[in-house]
Amino acid sequence: MGTREVMKVYICLVIFLLAVTTPLCYTEEEADTSAARDQATTPAAAMGASGGSSADDAPTQRMEQHGNREQCDADGTCNAEERAGLFPRGHLQPLGSHQDSELELDEYQSFLPPEMFRDNHIIPSNPAVFRQVISTESTELFRNDLRMSELCGSKEVTVEEMKKERRGGPATATLVRDFLEQYNKSEVYWADEMPVELRPFWTIPAMLLCGEIPERISQIRIWFSAGGTSSVLHVDSNENLHCLVDGVKQLVLIHKDDRDRIGMDRIIDGSFSMDVDRVDMTRFKMENIGWWNVTLQAGDCIFIPEMWLHQVRSYHRNFAVTVWWKDAVDADRSKCDAVASEYDCHEGNQYNCASGIPASDIKLMDEANFITQVLERVADSDGRVSRDTFTATLPEVFPHFSHDLVEEMYTSVFDSQERGYMIPKEDFTTENMNAAARLMDKLYSPNEEEAMPEQQQHGDGNNGVENAEMPADGAE
């Protein structure tokens, strides 16, 4: 044994005699064992060894330490593993993170014959995707900013000023030419009806010419931006054929039957106040809610049935057109057959219908007149609609209207004189429609600061201006 080894033994002996419990003399192998022992004596591990909570219970301990999940999240001390133990999957993550999307929609490589579309999709409320049904040649105008400026540059349209939607958020009226100069270098987003000057260049497919659908088309609407837009999660009170001319869109679709399970809190405009980029899973009950993940490329269309929940994101220069119409399932089948014959629709492995008619041939339905017509159908021989009939019929037109809302609307607006009836032709005046809109705002619009604390979103196109129409549907 050399001098160095003797000194090492001597030092260790002295330390031992001084009752130092942690040895300083150990080999490399012993060092690894010591480190492992030290790690095993952390507070969580020690609790497990003594029969208390295990290391797997750390999230629960953290929750107990903070008192509740909200505090744990608010003070920012929970790491990802701990948060996963406290919160449902997808908490404070983008919409759709709560579970994988394993559902598939019906897809077609062409539009369907009118009757087939009616029977397989409109009546059963069944969404569908139509791939590459809008040709590049037929929509070239909508990719040419200069040409659009020449055709309708002096037309005034509603432009939303934030790409992330906020119902009732900032919006303004601007000229088309000004929008076309600004959209590539700002947050502006064209979300308004298609100007009449552009309608001859957009085709309503033969699939939508069945029976009463053409008479019930309420809007032909443009969604146009430089990309990067994000809508709220919402429902539309119309059937919806949404076609993408330019860019890419990503959609989250959720079945209409799940609306109440999740907890819609903005009944008046059919939307949710959730931040779609950071979903509060403790507030919106998304667990076990199935969803469809749909990507649209230029040339694709999607049919979104009335009252189906959807949220839309856009990418790149993005130009889309939506055709909205009210439910027309009572369409005459013989009319559908006539359309199929006129537009040479025939069945097989692939469906082939001639294109359809220009949008300029469609006379847009006036919604107030439509409601009047619906109520006149159920009026008595004197043209009167009773309270019970009114409250039973109106939700059929606007399914997201609650019974309480319709009752209050009838009592406060349309039969304020307590006659016991209302007369559609006389009582659906501009004044009364505006009064109904104000009533709906009062009853169902939540306090913005409470309902949307983290939303910084663009508007829905109404800009808070009163008008004689029922609320518009959401952004796409």
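A disulfide joins cysteine 243 to cysteine 301, with the sulfurs 2.1 Å apart; the term covers a pair of cysteine sulfur atoms within 2.5 Å. Keep in mind that this is a predicted model, where local features need pLDDT of at least 70, side-chain atom pairs count only at pLDDT 80 or more, and totals for chains, interfaces and linings use all residues. Residues are numbered from 1 along each chain as its sequence is written, and side-chain values use heavy atoms, leaving out hydrogens and water.

**The chain as a whole**
- The protein chain has 17 helices and 14 strands, taken as DSSP runs numbered from the N terminus (helices are H or I, at least four residues; strands are E, at least two).
- Of the 476 residues in the protein chain, 49% are buried. Here buried means under 20% relative accessible area, exposed means over 50%, and partly exposed is in between (1.4 Å probe, protein chains only).
- The chain exposes about 23000 Å², and carbon and sulfur atoms supply 47% of that (Shrake-Rupley method, 1.4 Å probe; for residues, only the protein chains shown count as cover).
- Among contacts in the chain with a separation of 6 or more, 78% come from residues 24 or more positions apart, a contact being heavy atoms within 4.5 Å.

**The disulfide and the cysteines**
- How many disulfides does a search of the whole structure find? It finds one.
- Cysteine 243 sits in strand β8 (residues 239–254) and cysteine 301 in strand β10 (residues 301–304), so the bond ties together parts that are 58 residues apart in sequence.
- The torsion about the S-S bond of cysteine 243 and cysteine 301 is about 110°, so this disulfide is right-handed.
- Are these two cysteines buried or exposed? Cysteine 243 is buried at 3% relative accessible area, and cysteine 301 is buried at 0%.
- Cysteine 152 is buried too, with a relative accessible area of 1%.

**Strand β11 and its partners**
- In strand β11 (residues 309–325), 15 of the 17 residues are buried, so the strand is largely enclosed by the rest of the structure.
- Strand β7 (residues 217–225) runs antiparallel to β11, with eight bridges joining them (two strands pair if DSSP finds at least two bridges between them). Arginine 221 stands opposite threonine 322 in β11.
- Strand β8 also runs antiparallel to β11, joined by 14 bridges. Asparagine 240 faces tryptophan 324 of β11.

**Aromatic rings**
- The structure holds 19 aromatic pairs. Rings of Phe, Tyr and Trp (its six-membered ring) pair if their centres lie within 6.5 Å; planes under 30 degrees apart are stacked, over 60 edge-to-face, and the rest tilted.
- Phenylalanine 117 and phenylalanine 303 have ring centres 5.0 Å apart and planes at 75°, so they make an edge-to-face pair. This pair links distant parts of the chain: phenylalanine 117 is in helix α7 (residues 114–122) and phenylalanine 303 in strand β10, 186 residues apart.
- Phenylalanine 117 is buried at 1% relative accessibility, and phenylalanine 303 is buried at 0%.
- Phenylalanine 414 and phenylalanine 428 have centres 4.9 Å apart and planes at 45°, so that pair is tilted. Both phenylalanine 414 and phenylalanine 428 are buried.
- Ring pairs also link Phe142, Phe179, Tyr183, Trp190, Trp202, Phe224 and Phe319 into a cluster.

**A charge over a ring**
- Arginine 384 lies over the face of tyrosine 421, 4.1 Å from the ring centre. The cut-offs are NZ of Lys or CZ of Arg within 6 Å of the ring centre and within 35 degrees of the ring normal.
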